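Dear colleague,

Please find below the structure that I am handing over to you. My notes on it follow directly after.

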Amino acid sequence: MQLPDFYLFTFVFLLLSFYFYLLSSARIIQAKLQSEMKLHELINTAKALVEDDKGLLAMDESNPTCNKRFALLGIPLTAEARRAYREMIVTTPGLSESISGAILYDETIRQQLKDGTSFIKAVKDAGIISGIKVDMGAKAMEDHPGEKLTEGLEGLHERLEEYARLGLRFAKWRAVITIGDGLPSMDCIEANADALASYAKLCQEAGLVPIVEPEVLMDGEHSLAECRNVTEDVLRIVFNHLYAKGVALEGMILKPNMVLPGLTCTKQESVEEVAEETVHCLMRIVPAEVTGIAFLSGGQSAELASARLNAMNVRFKSQLPWALSFSFARAIQQPALEIWKGMHANVEEAQKALYHRAKCNKAARRGEYNTGMERKSI
Ligand code: 13P
């Protein structure tokens, strides 16, 4: 090769190398920006779900669970009855004054109101953010009698992409932990925590805020101290898995149980004791980056759930890094369901009851709930 050719070759080689270097740097910067934007959106959604002292309305009962509740009231166990019930809920006037987000069920997002409006649009038009239950239910755990493992990871990535396309902005996955003779086992806690973290990571990749729900069940005779110890173990293990999978804690909501004595335990602590034990338990485990904690109601009466949430906020609100909110199903819906009973003529009264419970829980977030609110409107 002659000298000028050599210089030309070297020049072209250096030019091309520089071009490819710039190209790959631009791609890395673009990917980084995209992931920062995604995180920013997740954080905004998580914040919006706990803003203005509002909370979540869980209306995501699976068909078997919804049917079980309908059967007790003689309501037909049909897709049309479930549709009509949920139409009653989402068309409640003023619901968005207290409710920031509604957790829907897959059947519901494919149904319409009587006037043809899709549920997703109706919820959005009502000023409420739509979310969706994405687990496939808690199934008997192999080799662990009396324990359950929540399923639904298979195909979850594709389902989440579809939900994001349909405009849903958050998701929910519920794991259940039973307290009993020798229960829960470490295997059950670990397996459920691992699934919760995998689900949360997939949600964030799809741009949906994960609601992480490890529920220690109320059923049983166990004491409040036992519930506290199990809840603490469960939450610690769940957060270990969330860290290990790289879930952004600022872009998620934790949905735990309150620390309560078992339903049939002879000693039932006061509202203040429950509030103190619950918040102390959470303070020991839940990192400050988590945007919000939204309790499930778990079978407590509607009034007790409001009173306990209120007591937590009265005493601790000013000291906590995260919002203490609600994501109730039964504690918001049950009184309305019992009034509605499947009859169109009862819609207005049922909606008043639903509105009232939502309002009581918003007041509880502010530490302004009192039992006088119940007497006034019922
Ligand atoms: P409850 O408030 O009735 O416990 O329901 C909350 C929920 O979403 C259960 O997954």
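In these notes, a residue is near a molecule or strand if one of its heavy atoms lies within 4 Å of it. The ligand is surrounded by 13 residues, and the closest are K172, K255, S297, G298 and R330. Please note that this is a predicted model, in which local features need pLDDT of at least 70 and side-chain atom pairs count only at pLDDT 80 or more, while totals for chains, interfaces and linings use all residues. Residues are numbered from 1 along each chain as its sequence is written, and side-chain values use heavy atoms, with hydrogens and water left out.

The ligand

By class, the shell around the ligand holds 6 charged, 4 nonpolar and 3 polar residues. Here Asp, Glu, Lys and Arg count as charged, Ala, Val, Leu, Ile, Met, Phe, Trp, Tyr, Cys and Pro as nonpolar, and the others, Gly among them, as polar.

Strands are DSSP runs of E with at least two residues, and helices are runs of H or I with at least four, numbered from the N terminus.

The barrel

Eight strands close into a barrel with parallel pairing, in the order β1-β2-β3-β6-β7-β8-β9-β10; two strands pair if DSSP finds at least two bridges between them. Strand β2 (residues 99-104) runs parallel to strand β3 (residues 129-133), and 4 bridges join them. I103 has G131 in β3 as its bridge partner.

Backbone details

Most residues other than glycine have a negative phi, and most peptide bonds are trans. The peptide bond from L183 to P184, however, is cis, with omega near 5°. P184 is found in the loop between β6 and α7 (186-206). D52, which is not a glycine, has a positive phi of about 55°, and D53 has a positive phi near 60°. D52 lies in the loop between α1 (3-50) and β1 (55-58), and D53 is also placed in the loop between α1 and β1.

With kind regards
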